Amino acid sequence: MMSALVKKNRSYRRFHEEDSLDYTLLEKLVDLAHLTASGANKQALRYYISSTKECNEKIFPQLHWAGYLKEWDGPAVGERPEGYILLLQNSTNKIGSPYDVGIAAQTILLGAVEKNLGGCMIANINHEKIKTALQLPDALEILLVIALGKPKEQVVIDEITADDDIKYWRDENHIHHVPKIKLADVIIK
């Protein structure tokens, strides 16, 4: 069961924008994340939830979507995320470990997949413009943005060797291919 959940948890970048995400559901995903391990048990992560079209439109233009897809500017109108969760830290209480963000983000995404949603972690963002648009206090630093929604695209895993190209790509049918190195090539014996 866990294997299926992990395999289904891909970086989705196109969504059924006509659907909406309930704030309470996003809050439940944050609840999962805030229960995870925290370096020195500092519990320093804070979360901003966006589930309205108005708020989502403030966040979307400040995101850079797919580094390997140079010709693609991100999801078109009608394919944009239905919600976002921003992972933040306060300058007076920084996270105890750089891994806290990844653990929390992965937990949110696994919870989303369990609810038949998908998402994408985005670190390439315009921090200051998002802070200004959302009127976030100066003391808060945005560490990561998670885009969420009902996936509109198919993402498949292609097994490759360690010497093959690792860049993800889209085929003529807009299927998103993610190369993953064979298990035997990532285990050191």
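Analyst: A salt bridge here is a side-chain nitrogen of Lys or Arg within 4 Å of a carboxyl oxygen of Asp or Glu. This is a predicted model, in which local features need pLDDT of at least 70 and side-chain atom pairs count only at pLDDT 80 or more, whereas totals for chains, interfaces and linings use all residues. Residues are numbered from 1 along each chain as its sequence is written, and side-chain values use heavy atoms, with hydrogens and water left out.

User: What makes the contact of Glu153 and Arg14 a salt bridge?

Analyst: The N to O distance between the side chains of Glu153 and Arg14 is 3.7 Å, and the cut-off is within 4 Å, so the pair qualifies. Glu153 lies in the loop between β4 and β5 and Arg14 in the loop between α1 (2-8) and α2 (23-34), 139 residues apart; helices (H or I, at least four residues) and strands (E, at least two) are DSSP runs, numbered from the N terminus. Both Glu153 and Arg14 are buried, a word that means under 20% relative accessible area, with exposed over 50% and partly exposed in between (1.4 Å probe, protein chains only). Arg14 and Glu153 also belong to a network of salt bridges with Glu79 and Arg170.

User: Why is Lys53 called exposed, and what does its side chain meet in a salt bridge?

Analyst: Lys53 has 54% relative accessibility, so it counts as exposed. Its side chain meets that of Glu17 in a salt bridge at 3.6 Å, N to O. Because Glu17 lies in the loop between α1 and α2 and Lys53 in helix α3, the pair ties together parts that are 36 residues apart in sequence.

User: How do you know that strands β5 and β7 pair?

Analyst: Two strands pair if DSSP finds at least two bridges between them, and 6 bridges join β5 (residues 155-160) to β7 (residues 176-181), which run parallel. Val156 stands opposite His177 in β7. Strand β6 (residues 169-170) pairs with β7 in the antiparallel sense over 2 bridges, and the bridge partner of Arg170 in β7 is His176.

User: What makes a set of residues a nonpolar core, and which have the most contacts inside the largest one?

Analyst: A nonpolar core is a set of buried Ala, Val, Leu, Ile, Met, Phe, Trp, Tyr and Cys residues joined through side-chain atoms within 4.5 Å. The largest has 26 residues, and those with the most contacts inside it are Ile59, Leu63, Tyr84, Leu86, Ile130 and Val145. The largest share of this core, 4 residues, comes from β4.
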